[in-house]
Structure formats: C-alpha cells, structure tokens
Amino acid sequence: LLRRATYGPSPQMVNGAVQAGLNSTLDTLFANSPMPDPPVKYLPDGDGESTSNTLYDPDVAQGETWINAPPFPDSEIITTNLDRNRILRARRKSLDGWSFLLMHSESSSIREKLVVFWHNHFVASDFTIAQRTYNYVNTIRGHAMGNFRDLAKAMCIDSAILLFLNGAQSTNVAPNENFPREFLELFTVGKGDLAAPGDYSTFTEDDVLAMSRVFTGWRVAVSRAAFEDGSTLVPYFDEELHSSGNKQLSHRFGDAIVEYAADNEYRDLVDTIFQSPHCALNLVRELYRWFVHYRIGEEVETVIIEPLAQLVRDNDYEILPALRTLLASEHFFSHRGCMLKSPVDLMLSLSQGLGVPVPEDLEEKYQYGVMLHKTSEQLGMGLFNHVHVGGWSAWYQAPQYYRFWLNNITLPLLNNYATFFVYGGTLETDSENFRIGDLIPVLDLAAATSDPLSASTIVDELAQLVFSESPTVDQKTYLKAAL
C-alpha cells in the first residue's frame with residue numbers, strides 16, 4: 001500500500017502503518033493537509049551580476065519566493081538575454097527541486113502521488129516561465145484529492161494547458177480542434193471503439209467541431225513586451241473572438257445544446273460532458289493502471305472498473321471514496337510484484353525510503369532536489385517536460401507499459417545511481433556535477449532492524465523494504481557474504 005500510494009516508504013512508515021492497521025493508515029493517507037509554502041530562490045544573491053555560484057535577480061532575494069515576481073526581469077536592469085535566461089532557468093530549477101523535496105517530505109500522504117498522476121493526466125509543459133508551470137501544478141495540487149469535474153473545469157482555462165494544446169490560439173474565425181479533441185479523448189470520456197465513420201462510441205467528430213467553438217476566445221500573454229505592458233499570467237476572455245450562437249452536440253451527449261454563455265460556456269460544456277458515464281470509466285481505468293496494474297481484462301472491467309466508476313458518479317465525481325475502496329480491496333493486495341518502479345519512485349525509494357537526510361542548508365537542499373529531478377529525467381520521467389500529450393508511455397502504451405522504464409540506456413544509469421547513493425562521490429547529470437558524501441546512512445538502517453547483530457535479519461528486512469518479492473536463498477547467501 002505505501003509503495004503504491006506514497007514515494008519511498010521508510011521502515012518507520014511501514015512499522016507505523018502495521019501498528020495502526022489498514023483503516024487508520026488509509027485515514028492518514030487521505031487526510032487533508034495545508035498547501036505547501038511556494039518555492040524560493042535558493043542561490044546566493046549576486047552583487048549586481050550573476051557568477052558561476054550566485055544569481056543576480058533584482059526582484060527576488062535568496063530565500064524569497066519568486067512566484068509573484070515579474071515573469072520577465074526588468075529589461076532596464078537586466079539588459080542581456082544571457083542574464084535574463086539565467087534568472088528564468090534558475091526559477092525553473094527551483095520549481096523542479098522544490099517538487100522533489102515535497103515528494104521526499106510528504107511521508108504518509110497520497111497527495112503528491114496524486115499530483116503526479118494528475119500531471120500525467122492533464123499534460124502540459126512550459127519551458128520559459130516557471131510561474132506559469134507553478135500555477136498549473138498548484139491548481140492540480142489544490143484539486144488532487146477532490147472533485148474530478150472541478151479540476152477539469154480549472155484545466156480548461158489554465159494558461160499552461162491553453163498554450164500546450166493550442167487553446168490560446170482558438171478564435172471564431174479559426175476554431176482550433178486540438179484542445180477539445182484531447183479534452184475528450186484523453187482527459188474525460190476517452191476514445192472508444194470506432195462505431196461508424198467519425199463516431200468513436202464516446203464522442204464524434206461533430207462533437208469536436210462544436211466544442212472547438214465553445215473554447216474560442218481565451219487568450220494567454222506570452223511575450224516579454226506584453227508583460228512589461230501590464231499583462232498577467234491569468235488567461236483572459238475576449239468575447240469578440242468567441243464563436244456566437246448555440247453549439248449542438250451529438251447523440252453521444254444526448255443531442256444536448258450548449259447555449260451561448262460567453263466566458264461561462266466552457267463550464268456548461270464540462271457539465272454536459274460529465275453526464276456521460278464514460279468520464280468515470282475512463283478515469284477509473286487510469287487510476288487502476290497507476291495504482292494496480294496495466295492489464296484490464298473483461299473480468300476486471302466488470303468486477304472492478306464498472307462498480308468503482310459507479311461509485312465515482314454516486315459521489316458526484318469526488319474521487320477519494322472510489323480510490324479508497326480500491327486501495328483497501330483484496331484485489332489490490334493480490335497484485336504485488338507486478339509493477340516496475342517508475343524513475344520518480346526509484347529515486348525516492350533510494351532517497352526517502354533508505355533514510356537519506358535532506359541537507360539543511362537552503363542551497364544544498366534545493367540542489368539535492370534538482371539532482372533527484374535530473375536523474376529521473378534522464379531515466380525518462382521528467383516532471384513538467386512531457387514529450388507527448390498522452391503522458392508517459394509506461395501508463396498507456398501497449399504492450400510494454402511499465403517495461404518502458406528499462407532499456408539498454410536506462411539500465412546502466414540505474415546501476416550508476418544506485419552506486420552513487422551508497423558510496424557518494426560525483427554524479428554528472430545534464431552537464432552538471434553533483435558532489436556529495438555518503439548518502440545512505442547504513443548504520444542507521446541496520447539499527448532500525450529487529451536484530452542489528454544478525455546478518456540474516458539485516459538482509460531479510462532490508463530486502464523486504466526494497467523489494468516486493470523476497471530474494472532467492474542463493475541471492476540472500478550472496479548478500480550476506482557481501483555484508
């Protein structure tokens with residue numbers, strides 16, 4: 001349960017969960033917690049200029065958050081593209097490191113696991129303005145344990161989503177079909193089997209056309225000049241660019257008509273889409289692949305997916321009742337040892353799971369988070385850097401699914417990272433060197449076992465912590481000899 005619902009459960013977390021029992025552990029996993037403090041500038045302040053070890057950002061001092069700073073630094077102070085890009089890259093790295101530090105410190109809560117799940121569901125990438133990405137992920141975090149329909153509405157007018165899926169370019173003269181197509185096919189009802197030309201049994205091509213008109217008129221500021229003239233990161237609605245008149249949907253949505261409602265029209269459309277039973281079914285299948293296994297046969301569809309989807313609908317698209325039911329089920333616990341760890345899971349099982357202490361120094365702490373992010377990215381799972389709107393291939397692309405994480409490029413890297421965490425030293429990722437001493441506190445880990453003076457106990461209990469299946473007798477003999 002803790003492996004699937006958190007990142008890198010430690011021996012203390014496991015022991016506490018066993019003592020508390022399943023229901024109390026689930027209560028803890030699903031408990032509400034305050035939103036985290038925002039990311040900060042972690043590099044030392046430069047004195048009028050940036051150096052290799054400092055950052056001159058006239059709007060933000062070390063230890064202060066940059067989320068409310070101007071998206072582009074003042075061009076009268078920061079006059080070169082080189083210095084401006086340094087500031088923009090530093091904010092992005094701050095966001096990357098902060099995100100991994102949150103996952104490292106979240107402990108017995110499912111929230112950060114769900115944040116990454118929703119990020120993989122409502123895919124968006126933005127490479128320039130870190131505040132835009134922060135706003136996007138913070139919206140997800142605020143809705144992660146809440147209502148699916150409310151999150152879908154929030155994503156419709158999120159600037160990162162609008163830019164990534166061309167929604168900010170959609171006008172009444174040229175409605176863009178990319179966003180409504182992905183909203184249907186990936187975000188809500190899913191793409192069913194072809195029932196007729198242009199009819200996918202969950203939506204039709206006519207629905208895509210009609211919905212593209214609903215989403216017209218939303219604009220997003222992107223240029224430095226626009227921000228210097230007073231534009232903000234919040235999307236705005238231009239009614240003159242919005243398609244007039246009512247929008248007719250197909251029989252897949254009960255031949256519903258979305259009446260003209262200007263900037264509220266998208267909300268009415270989402271309410272109509274969510275009347276389709278396919279919204280809950282598509283979501284539950286994704287949750288199942290994320291938390292249980294990728295194989296969904298007829299029996300799983302009938303016995304697991306359909307009742308859970310009905311539970312989602314019965315709770316007006318609040319997701320926690322259905323997710324808690326799934327994670328408490330015998331079916332869930334019968335699926336041990338069937339999932340390859342994702343890169344994020346792997347890095348945090350090495351880090352948090354094996355008791356690596358996060359540095360207390362602000363710069364060192366964030367650099368540690370940045371290192372975790374970069375290594376996960378090298379292994380194929382970079383947060384806020386999806387290459388495909390469908391998300392990471394491991395959760396949707398048959399027949400490989402989770403096997404995508406292992407190949408002739410990533411396997412040597414996995415060995416290097418594991419060695420690095422044990423012995424310390426220098427790790428080069430993305431042309432940056434991270435130098436660090438011993439990481440895994442091996443004596444503390446041994447002391448946490450039930451009998452630290454027994455080699456067999458240490459090997460057995462650490463293997464139980466790290467692996468879902470017990471090593472063979474020969475493997476344990478080898479490990480004891482190495483110990």
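Is the crossing of H9 and H10 left-handed or right-handed? The crossing of H9 and H10 is right-handed, where right-handed means the near helix is turned clockwise from the far one by less than a right angle, and left-handed means anticlockwise.

A quick word on the model. This is a predicted model, in which local features need pLDDT of at least 70 and side-chain atom pairs count only at pLDDT 80 or more, while totals for chains, interfaces and linings use all residues. Residues are numbered from 1 along each chain as its sequence is written, and side-chain values use heavy atoms, with hydrogens and water left out.

**Two helix pairs**

Two packed helices are described by the angle between their axes and the distance between the axes. Helices here are DSSP runs (H or I, at least four residues), numbered from the N terminus. Axes are lines fitted to C-alpha atoms over the stretch in contact, and angles run from 0 to 180 degrees between N-to-C directions.

| Helix pair | Angle | Axis distance |
|---|---|---|
| H4 (residues 81–105) and H6 (residues 130–143) | roughly 25° | within 9 Å |
| H9 (residues 178–187) and H10 (residues 205–214) | about 125° | 8 Å |

H4 and H6 are therefore roughly parallel to each other, since angles under 35 degrees get that label, over 145 is roughly antiparallel, 65 to 115 is roughly perpendicular and the rest is oblique. H9 and H10 are therefore oblique.

The crossing of H4 and H6 is left-handed. On the H4 side, the contact (heavy atoms within 4.5 Å) uses Arg 91, Arg 92, Leu 95, Trp 98 and Leu 102, and H6 brings Ala 130, Gln 131, Thr 133, Tyr 134 and Arg 141. Sorted by class, that makes five nonpolar, two polar and three charged residues.

**Buried spots**

Met 155 sits in helix H7 (residues 148–156). With 1% relative accessibility, Met 155 counts as buried (under 20% relative accessible area; exposed is over 50%, partly exposed in between, using a 1.4 Å probe and protein chains only). Leaving out residues up to four places away in sequence, Met 155 touches Phe 122, Tyr 136, Thr 139, Ile 140 and Ile 161.

In helix H3 (residues 22–29), the buried residues are Thr 25, Leu 26 and Leu 29. They lie on the same side of H3, because they cover an arc of only 100° around the axis. Their cover includes helices H1 (2–5), H2 (11–20) and H15 (320–327).

How values were computed
Helix = DSSP H or I, 4+ residues; strand = E, 2+ residues; numbered from the N terminus. Nonpolar A, V, L, I, M, F, W, Y, C, P; charged D, E, K, R; others polar. Arc of directions from axis to C-beta.
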